[in-house]
Amino acid sequence: MFKRIFIIGLFALVPLLATQAQQHVLISMDASQTNHLKAYGVIFNHITDGYTAQWLLNYRGGSFLAQVENDIVRKSRLRNVNLETISASEARQIVADVESNSSNTAVVNLEKAPKIAVYTPDQALPWDDAVTLALTYAEVEYDKIWDVEVLEGKLDEYDWLHLHHEDFTGQFGKFWASYRNMPWYIAQVKQMEAMAAELGYSSVSEQKKEVARTIKRYVGNGGFLFAMCSGTDTFDIALAAEGVDIAPEQFDGDPADPNAQEKLDFNKTLAFEDFDIKLNPGEYEHADIDVPVTIDQVDQSLDFFTLFEFSAKWDPVPTMLTQNHVSSVRGFYGQTTAFQKDKVKSSVVILGESPGREQVKYLHGNYGNGTFTFYAGHDPEDYTHRVNDPPTDLELHPTSPGYRLILNNILFPAAKKKKKKT
């Protein structure tokens with residue numbers, strides 16, 4: 001009798017297990033989401049563990065769809081990520097609606113999570129980095145690498161690279177005028193000069209330019225590059241200045257080449273061209289790529305940039321990179337706050353700009369087999385982040401539109417690419 005009851009009970013359980021296996025979760029990314037940033041981490045780790053998901057572009061803010069596997073429901077709820085459990089038939093209907101030719105929406109399959117590296121020094125610096133904050137808060141693993149690892153070829157181990165707040169021209173952030181007597185600045189200069197000498201370079205500027213060229217080759221070979229703040233324009237300046245001394249004596253011990261400007265080669269850059277470099281060591285700018293600081297001239301409440309809307313079916317890549325629950329994002333400053341529009345190459349796709357101000361905030365482009373995405377500004381939730389300011393607490397900003405743009409970039413390489421329709 002017991003055996004018969006057990007068998008009957010087992011057969012009764014089969015339909016229940018089948019029903020659960022067919023269930024899906026819809027992680028909404030519109031204004032109803034309680035924690036957009038953690039949601040990225042849930043999906044990223046879901047595919048890291050070998051499962052798949054779908055990114056529903058332009059559907060409810062760029063929502064995610066996945067089968068109920070790998071304890072995704074419990075993990076989402078623990079992270080206060082809002083989700084809906086739906087049936088297989090409901091999931092199929094959503095996909096059919098999103099794929100319909102009558103709507104500017106599309107489905108992108110997320111299949112393999114990229115291995116992530118952040119280019120950043122081991123020592124603590126008197127500023128934080130928005131990308132490392134975002135990855136840590138979203139619970140996405142990453143490795144730290146620095147010049148030695150880059151020059152040793154370790155980039156080949158990674159799919160996605162972020163450039164920490166950095167000065168690839170070797171001018172130490174051009175902090176000389178304001179901070180040259182500060183202990184942290186003195187220690188940073190000594191450390192970097194010692195590393196350059198150990199690696200056989202005549203100066204930090206020559207070492208940094210070689211690092212920039214190595215990263216460029218990484219992109220050309222299929223890498224995904226993301227950079228913010230001064231990691232954007234100084235990278236291109238360093239590429240343009242190959243073989244040209246653009247560092248004043250205060251930074252490398254000898255004067256800059258008086259004909260440095262005329263010797264720049266804009267064919268070697270990724271995003272910018274026709275810019276003028278700044279050779280004054282006391283000026284807190286590297287070139288005229290960056291917009292002038294206007295903190296006292298622009299009302300913070302009126303400072304914003306607008307994301308372009310792209311065709312999800314025809315231009316899936318820029319669509320992925322601009323997924324958000326709002327179309328306008330609050331502006332924020334940095335050493336590089338925004339890019340002068342007339343310095344951006346025509347081959348580059350502008351993703352977001354300040355309306356009426358000829359200022360580009362967010363851009364994307366291709367180089368070789370890889371891509372680069374540059375996002376100006378330092379911290380999307382700290383309008384005028386300064387040296388020695390405390391790090392932003394993302395527990396206070398779980399739905400940040402500005403930080404969402406960062407996390408769009410870590411999922412972009414996981415997408416199974418469809419052939420572009422253009």
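Visitor: Is phenylalanine 374 buried or exposed?

Guide: A residue is called buried if its relative accessible area is under 20%, exposed if it is over 50%, and partly exposed in between, with a 1.4 Å probe and protein chains only. Phenylalanine 374 has a relative accessible area of 0%, so it is buried, and phenylalanine 372, with 1%, is buried as well. Please keep in mind that this is a predicted model, in which local features need pLDDT of at least 70 and side-chain atom pairs count only at pLDDT 80 or more, while totals for chains, interfaces and linings use all residues. Residues are numbered from 1 along each chain as its sequence is written, and side-chain values use heavy atoms, with hydrogens and water left out.

Visitor: How many aromatic pairs are found in the whole structure?

Guide: A pair of aromatic rings is described by the distance of the centres and the angle of the planes. Rings of Phe, Tyr and Trp (its six-membered ring) pair if their centres lie within 6.5 Å, and planes under 30 degrees apart count as stacked, over 60 as edge-to-face and the rest as tilted. A search of the whole structure finds 16 such pairs. One of them joins phenylalanine 168 to phenylalanine 235, edge-to-face, with 5.5 Å from centre to centre and 85° between the planes. This pair links distant parts of the chain, 67 residues apart, as phenylalanine 168 is in the loop between strand E8 (160-163) and helix H7 (176-179) and phenylalanine 235 is in helix H10 (residues 230-240). Helices (H or I, at least four residues) and strands (E, at least two) are DSSP runs, numbered from the N terminus. Both phenylalanine 168 and phenylalanine 235 are buried.

Visitor: Why is the pair of phenylalanine 372 and phenylalanine 374 called tilted?

Guide: Their ring centres are 5.4 Å apart and their planes stand at 45°, so the pair is tilted. Elsewhere, ring pairs link Trp160, Phe226, Phe305, Phe332, Tyr362 and Tyr375 into a cluster.

Visitor: How many salt bridges does the count come to?

Guide: A salt bridge is a side-chain nitrogen of Lys or Arg within 4 Å of a carboxyl oxygen of Asp or Glu, and by this rule the count comes to 19. In one of them, arginine 60 meets aspartate 30, with the closest N and O atoms 2.9 Å apart. Arginine 60 lies in the loop between strand E2 (53-57) and strand E3 (63-67), and aspartate 30 in the loop between strand E1 (24-27) and helix H2 (36-48), so the pair ties together parts that are 30 residues apart in sequence. Arginine 60 is partly exposed, at 28% relative accessible area, whereas aspartate 30 counts as buried, at 19%.

Visitor: Where are the partners glutamate 242 and lysine 268 in the chain?

Guide: These two side chains meet in a salt bridge with 3.2 Å from N to O. Glutamate 242 is in the loop between H10 and helix H11 (249-252), and lysine 268 is in the loop between helix H12 (260-263) and strand E10 (304-307), 26 residues apart. Salt bridges that share partners join Glu210, Arg213, Arg217, Glu242 and Lys268 into one network.

Visitor: Which way do the residues of E1 point?

Guide: In a regular strand the side chains alternate between the two faces of the sheet. Here His24 and Leu26 point one way from E1, Val25 and Ile27 point the other way, and all are buried. Two strands pair if DSSP finds at least two bridges between them. E1 pairs with strand E4 (residues 84-86) in the antiparallel sense over three bridges, and four bridges join E1 to E3, which also run antiparallel. Histidine 24 has isoleucine 86 as its bridge partner in E4, and stands opposite glutamine 67 in E3.

Visitor: Why is helix H14 described as largely enclosed?

Guide: Ten of the eleven residues of H14 (residues 401-411) are buried, so this helix is largely enclosed by the rest of the structure. Among the buried residues are Tyr403, Arg404 and Leu411.
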